[in-house]
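Colleague: I have the model open and would like to walk through it with you. Can we begin with how the helices pack?

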Amino acid sequence: MTPRTATLIGLTAILMWSLLAVMTVATGKIPAFQLAAMTFAIGGLVGLLTWIGRSGVAASLRQPPIVWAVGVGGLFGYHALYFLALRFAPPAEAGLLNYLWPLLIVLFSSFLPGERLAVHHVVGAVLGLVGTVLLFAGNSSGFAQGQLPGLIAAFIAAFVWASYSVLSRRLKAVPTDAVAGFCLATALLAAVMHAALETTVWPETTLQWLSVIGLGVGPVGAAFYAWDVGMKRGDIRVLGAASYATPLLSTAFLIAAGFAKVSANIAIAAVLIAGGGLIAARDLLLLKR
């Protein structure tokens, strides 16, 4: 697989994650950790189903403790912190702090062996950050002292996901099949958190059940496998900068579904994020890699 192909596969994860918000809204009032347990279980099953007819792939789960720590720590740790952030802090501020992770991925990639951080990578990532700030700016709801734990959780979550993504490159020898195990372990931990903190609420309509299944198959399933391929074999700097398209596309899908309205901020943010992504992806577009 060429780096260009792997990068394109990684980009599909960004597209799938942009559907996360609108599909989550469609699931109804299912508690956060319960929804995580259900969708990650489906996501793990998606990976297991790809093993049918293949020999020896189960051995991919026999990994050193450090690999499991990175995989489960990244998936469960990030989502637990983000759910905590949404519980205690306003969604706009939490989302803004959380979306530091694309910029952090671009910056952290410079510490990887054989990787070089060029000016256009940094420019693209910064433009994406500015666009994201603008995207959330019109939704700010203020700050209260009791929201500090949530804001801190969102900030840490950004570092957790960026670290997981970049460390995946260092664990390049670990097959993507192992992500199925990470998803199932995350589902188990989320189920434990749900039992301890939440009251079970099952989907009430066919649409809600389909949305849960869709989340598990796509944004909380196939997306993680695609991201793993992109991080391990693609251009990590392009993927980091391009990730700023996620909140923009997510907003576009919310608008299309009637959950949000068009604004000047969104239009300007679109130009900045798209422009930043194109600048960061210059090498990919010129087929230099």
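Colleague: Which hand does the crossing of α4 and α9 have?

Modeller: The crossing of α4 and α9 is right-handed, and please keep in mind throughout that this is a predicted model. Helix α4 covers residues 65-88 and helix α9 covers residues 178-197, and the two pack at an angle of about 55° with their axes 9 Å apart. That angle makes α4 oblique to α9.

Colleague: And which residues of α4 and α9 meet there?

Modeller: From α4 the contact takes in Val67, Trp68, Gly71, Val72, Leu75 and Phe76, and these meet Gly181, Phe182, Cys183, Ala185, Thr186, Leu189, Ala190 and Met193 of α9. Sorted by class, the contact of α4 with α9 has 11 nonpolar residues, 3 polar ones and no charged ones.

Colleague: OK, zooming out for a second, how many helices and strands are in the protein chain?

Modeller: The protein chain has 14 helices and 0 strands. Of its 289 residues, 49% are buried. If you take the contacts between residues at least 6 apart in sequence, 90% of them join residues at least 24 apart.

Colleague: Back to packing then. At what angle do α1 and α10 pack?

Modeller: Helix α1, residues 3-17, packs with α10 at an angle of about 150°, and their axes are 7 Å apart. Since angles over 145 degrees count that way, α1 is roughly antiparallel to α10. The crossing of α1 and α10 is left-handed.

Colleague: What does the contact of α1 with α10 have by class?

Modeller: It has 14 nonpolar, 4 polar and 1 charged residues. Among the residues of α1 in this contact are Pro3, Ile9, Gly10 and Trp17, while those of α10 include Gly218, Phe224, Trp227 and Arg233.

Colleague: How do α6 and α8 pack?

Modeller: Helix α6 (residues 101-108) and helix α8 (residues 148-170) pack at about 40°, with 8 Å between their axes, and that makes α6 oblique to α8. Their crossing is right-handed. On the α6 side the contact is made by Trp101, Leu104, Ile105 and Phe108, and on the α8 side the residues include Phe159, Trp161, Ser163 and Val166. By class, the contact of α6 with α8 has 9 nonpolar, 2 polar and no charged residues.

Colleague: New topic: how many aromatic pairs does a search of the whole structure find?

Modeller: The search finds 16 aromatic pairs. In one of them, Trp101 and Trp227 have ring centres 6.0 Å apart and planes at 85°, so this pair is edge-to-face. Because Trp101 lies in helix α6 and Trp227 in helix α10 (residues 206-233), the pair ties together parts that are 126 residues apart in sequence.

Colleague: Is Trp101 buried or exposed?

Modeller: Trp101 is buried, with a relative accessible area of 3%, and Trp227 is buried too, at 1%. Trp202 and Trp209 form a stacked pair, because their planes are at 15° and their ring centres are 6.4 Å apart. Here Trp202 counts as exposed at 53% relative accessibility, whereas Trp209 is partly exposed at 38%.

Colleague: Which residues form one aromatic cluster?

Modeller: The cluster is formed by Trp17, Phe40, Tyr78, Tyr82, Trp101, Trp161, Tyr164, Phe224 and Trp227.

Colleague: Last topic, single residues. Where does Ala125 lie?

Modeller: Ala125 lies in helix α7, residues 119-137, and at 0% relative accessibility it counts as buried. Leaving aside residues up to four places away in sequence, Ala125 touches Leu103, Val106, Ala241 and Tyr244. From C-alpha to C-alpha, Ala125 and Ala242 are 7.9 Å apart in space, although 117 residues separate them in sequence.

Colleague: And what does Leu112 touch?

Modeller: Not counting residues up to four places away in sequence, Leu112 touches Val166, Arg169, Arg170 and Ile236. Leu112 sits in the loop between α6 and α7, and with 6% relative accessibility it counts as buried. Its C-alpha atom is separated by 7.5 Å from that of Arg170, and the two residues are 58 residues apart along the chain.

Technical notes:
Residues are numbered from 1 along each chain as its sequence is written. This is a predicted model: local features need pLDDT of at least 70, side-chain atom pairs count only at pLDDT 80 or more; totals for chains, interfaces and linings use all residues. Side-chain values use heavy atoms; hydrogens and water are left out. Axes are lines fitted to C-alpha atoms, for helices over the stretch in contact, and angles run from 0 to 180 degrees between N-to-C directions. Helices (H or I, at least four residues) and strands (E, at least two) are DSSP runs, numbered from the N terminus. Angles under 35 degrees count as roughly parallel, over 145 as roughly antiparallel, 65 to 115 as roughly perpendicular and the rest as oblique. A crossing is left-handed if the near helix is turned anticlockwise from the far one by less than a right angle, and right-handed if clockwise. Contact means heavy atoms within 4.5 Å. Ala, Val, Leu, Ile, Met, Phe, Trp, Tyr, Cys and Pro count as nonpolar, Asp, Glu, Lys and Arg as charged, and the others, Gly among them, as polar. Rings of Phe, Tyr and Trp (its six-membered ring) pair if their centres lie within 6.5 Å; planes under 30 degrees apart count as stacked, over 60 as edge-to-face and the rest as tilted. Buried means under 20% relative accessible area, exposed over 50%, partly exposed in between (1.4 Å probe, protein chains only).
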